Amino acid sequence: MNKHDTLREPVITSYAKAPARTINAGGVSYAYRELGPKGGIPVVFFVHLAATLDNWDPRIIDPIAKNRHVITFDQRGVGASTGQVPDSIEAMAVDAYTFIKALGFDKIDIFSFSLGGFIAQDLVVKHPDLVRKLVLTGTGPRGGKDIEKVVGVTYWDILRATLTRQDPKEFLFFNRNATGKPAARAFVQRLQERTVDRDADIKVRAFQTQLKAIQKFGRSAPADLSKLTQPTLIANGDNDRMVPSVLSEDMHRRIKGSELIIYPDSGHGGIFQFHEKFAPVAVEFLAR
């Protein structure tokens, strides 16, 4: 393929059609997907607990990928990535750094959700020059009050979902009311839009190890978030049962100049329930 053929390659902006790729780094084969126009600073997405490449809402990814190079990836030991899941958030941040550097990037924007936000914060504290802008959604700070309780909440909602034959995310991410239930069903349906070349599910042991890492993170001494000087957008629902909504306000107070959005009548997945409002805000923030 010559240079001119490369230039004529169509730009894929639909996450459902994003090609699956792998890259070897530090003895691990990382699975990732990329879409959007190449060039400039990429937006790297850090995903939530138990999630693989197939857990990103296309209504969030696609609008950003319209004008930006977007990369999603499986952490070590998750989905199609090889190796063992680390038992600490710090080690997950080291892996994320290894993956990003293997792709050849010296500067990125980060879009993170839940566990991904924990990892992103640790990465930025350790490598501040790597990150230009930071989006923290459905997440909280190291040592945040009640983060360690996520284990009990998670197992309880998995049980509820199993008994009712529903997806656990319908319980974990959304309110169980007249607005939350249909939003949950719509979200789960959107995650099925990719019909070919889907990712492997997370294994039970990997999931349990992630939960242990979250417990440690919640019980740790707080990080110094005043070190985060990057423009930061923080968003959540007003009733997050997994990572309490007050922690979004806590991060907002501690990260100078950060912006905060709290969506009403919504839970952990507030940005997915309100994707029509949130996606344009995220696009505008990342485009500044």
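Me: Where is L286 found, and why does L286 count as buried?
Reply: L286 is found in helix α11, residues 275–287; helices are DSSP runs of H or I with at least four residues, strands are DSSP runs of E with at least two, and both are numbered from the N terminus. A residue is called buried under 20% relative accessible area, exposed over 50%, and partly exposed in between, with a 1.4 Å probe and protein chains only. L286 has a relative accessibility of 2%, and therefore it counts as buried. The structure is a predicted model, in which local features need pLDDT of at least 70 and side-chain atom pairs count only at pLDDT 80 or more, while totals for chains, interfaces and linings use all residues. Residues are numbered from 1 along each chain as its sequence is written, and side-chain values use heavy atoms, with hydrogens and water left out.

Me: Which residues is L286 in contact with, leaving aside its neighbours within four places in sequence?
Reply: Contact means heavy atoms within 4.5 Å. On that criterion, L286 is in contact with V43, I64, R68, D109, R132, K133 and V135.

Me: Why is D157 called buried, and what makes its pairing with R241 a polar contact?
Reply: D157, which lies in helix α5 (residues 150–164), has a relative accessible area of 0%, so it falls under the limit for buried residues. A polar contact is a pair of N or O atoms within 3.5 Å; within protein, one must be able to donate a hydrogen and the other to accept it, and residues adjacent in sequence count only if both atoms are side-chain atoms. The side chains of D157 and R241 make such a contact at 2.7 Å. D157 also touches F171 and L172, residues up to four places away in sequence not being counted.

Me: Why is N55 called buried, and what does its side chain reach?
Reply: The relative accessible area of N55 is 12%, under the limit, and N55 is therefore buried. N55 is found in the loop between β3 (43–46) and α2. Its side chain reaches the backbone nitrogen of T52 at 2.9 Å.

Me: Why is helix α2 described as largely enclosed by the rest of the structure?
Reply: Helix α2 (residues 58–65) has eight residues, of which six are buried, so the rest of the structure largely encloses it. The buried residues are P58, I60, I61, D62, I64 and A65. At the start of α2, a side-chain oxygen of D57 comes to within 2.9 Å of the backbone nitrogen of R59.

Me: How do you know that the span of helix α3 is close to the one expected?
Reply: The expected span of a helix is 1.5 Å times one less than its number of residues. Helix α3 (residues 89–102) has 14 residues and reaches 20 Å from its first C-alpha to its last, close to the expected 20 Å.

Me: Which residues of α3 are buried, and why are they said to line one face of the helix?
Reply: I89, M92, A93, D95, A96, F99 and I100 are buried in α3. Down the axis of α3 they fall within an arc of 160°, so they line one face; the arc is that of the directions from the helix axis to the C-beta atoms. In general, an α-helix has 3.6 residues a turn, so residues three or four places apart point the same way.

Me: What makes the packing of α3 and α4 roughly perpendicular?
Reply: The axes of α3 and helix α4 (residues 115–126) are 8 Å apart and at an angle of about 75°. That makes α3 roughly perpendicular to α4, since angles of 65 to 115 degrees count as roughly perpendicular, under 35 as roughly parallel, over 145 as roughly antiparallel and the rest as oblique. Axes are lines fitted to C-alpha atoms, for helices over the stretch in contact, and angles run from 0 to 180 degrees between N-to-C directions. Among the residues that meet are I89 and Y97 in α3, and F118 and K126 in α4.
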